Amino acid sequence: MRHERQVELLRRLVDAPRPGPLGPASMHNPATAYTSAARFADEVRVLFRAQPVLVALSCELRDPGSFATLTVGDVPLAVVRQRDGTARGFVNVCRHRGSTLLSAPCGDGLQAIRCPYHAWTYGLDGTLRAFPGAEPGFDDVDKATHGLIEVPVAERFGLLFAIGDPAADAFDVAAALHGAELELAEFGIGAYTHVESREHEWAMNWKLAIDTFTEPYHIPWLHKDSIGPYYLFDRWIHDAFGPVQRFIGCRRSMLDELDKPDEADWQLLPHATLQYLLVPNAVLVHQVDHLELWRITPLAPDRTLLRTSVYAPPDAPRPAPYYVKNLEVLLGVTNNEDFPMQERVQRNLASGAMPELVYGKMEPALVGLHTTINERLAAAHYAGRPGGEQDRTDRDGPADGWVERAGDARDAAAVPPR
Ligand code: FES
Ligand SMILES: [Fe+2]
């Protein structure tokens, strides 16, 4: 990130009230936003399948024959680096009888894509090449029409997005980032190196995974015995770029930085955690001297798969074990403190005993996040599906909770975009 931008962001902390800066309004969200099966189905369709989602960082598939996989909503996708350097995206399912093709989160060295079930073999470009050992048994199946199902992808700024709908139009990355790309471009993400990824499944709604990253309010309480002493809970920097929220949490060392008399000496990055909430499925984090990425796959209203990855900067001054250690420290906090708490929240909400949650003015990114989600669901409800087909809620009435509350969400949407 450019030094000028770091100083500009830090200046906003100097005169900010504590706690603050506060958002303009609190917001209520119904508990069913986290528990309703009907709403969950709408979210998968509207948020995960109908718009660009972050599938991978470019560095995870650098060379021809490298790939990354991710289930986007309920659609398994694979993005594959082509021999000409471009990336193409496919539904990661064999055209024969539906086997998953590539099962690793990422990998390299593919010469072709071979199904593990009966060995149908596809080129890197998705064309069906052969039915090994069984050609006469399929001589009336047209290979030309049984290639992999392709989905639109776009790659820029070291980020690779896809839409899980094969019928979707081509798009560009800037359109998915709504201005945040100008800031993200300054990190040079394309030159980072993927170090390691870990996956864990949790008994919580997918939105609780993102909620975890939206406020430092909980840090001195939930994390009092771990990271609590190192972070400020009452100062932050928050901006919205359309639906993208960027939330910057501050380490205590930030106070010393602001005491330096000359702004030319100020640095934000060593004292901050910069989190880009890329709705719906990713949280990209710049953490002091490296990148982390959380990828979120919703499995059910109360089940979520998280993939956590760590990336080293170019010419990394530290060996790979340093970044693995950082990943393990991070997961030590989230997997022992944050997500067990969210699993308890999920059970409490599912009891039906509590009608709604409150997101406060001191949780502005939380308000912005849920305002965005609720507005998108409401817009899909009123407009019907792209292509004109009426959506489920148009036929059957609103899904539990969200349409009725959309007015509240819009009222609270006055989080000022910059
Ligand atoms: S399902 Fe893939 S070859 Fe049979
Ligand atoms: Fe936390």
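Select P21 to begin: this residue lies in the loop between helix 1 and strand 1. Helices (H or I, at least four residues) and strands (E, at least two) are DSSP runs, numbered from the N terminus. The structure is a predicted model, in which local features need pLDDT of at least 70 and side-chain atom pairs count only at pLDDT 80 or more, while totals for chains, interfaces and linings use all residues. Residues are numbered from 1 along each chain as its sequence is written, and side-chain values use heavy atoms, with hydrogens and water left out.

The peptide bond from G20 to P21 is cis, with omega near 0 degrees. Now select R18 and P19, which are also joined by a cis peptide bond, with omega about 0 degrees. P19 is found in the loop between helix 1 (3-14) and strand 1 (27-30). Most peptide bonds are trans, and most residues other than glycine have a negative phi.

Next, select F157, in the loop between strand 11 (153-156) and strand 12 (159-162). Its phi is positive, near 60 degrees, although F157 is not a glycine. F157 counts as partly exposed because its relative accessibility is 22%; buried means under 20% relative accessible area, exposed over 50%, and partly exposed in between (1.4 Å probe, protein chains only).

Continue to H178, in the loop between helix 3 (173-177) and helix 4 (180-184). H178 has a positive phi as well, of about 55 degrees. With a relative accessibility of 38%, H178 counts as partly exposed.

The largest nonpolar core has 41 residues, and L57, L159, L184, L268, L274 and L284 have the most contacts inside it. Such a core is a set of buried Ala, Val, Leu, Ile, Met, Phe, Trp, Tyr and Cys residues joined through side-chain atoms within 4.5 Å. A second, separate core of 39 residues includes M204, V310, L330 and V367.

Select E292, in strand 18 (residues 290-300). E292 counts as buried because its relative accessibility is 3%. Which residues does E292 touch, not counting those up to four places away in sequence? They are V283, L284, V285, Q287, S309 and L330; contact means heavy atoms within 4.5 Å.

Finally, display the whole chain. There are 11 helices and 20 strands in the chain, and 53% of its 418 residues count as buried. The C-alpha atoms fill a box of roughly 75 × 55 × 35 Å, taken along the principal axes.

Note on methods: Chains lettered and ligands numbered in written order.
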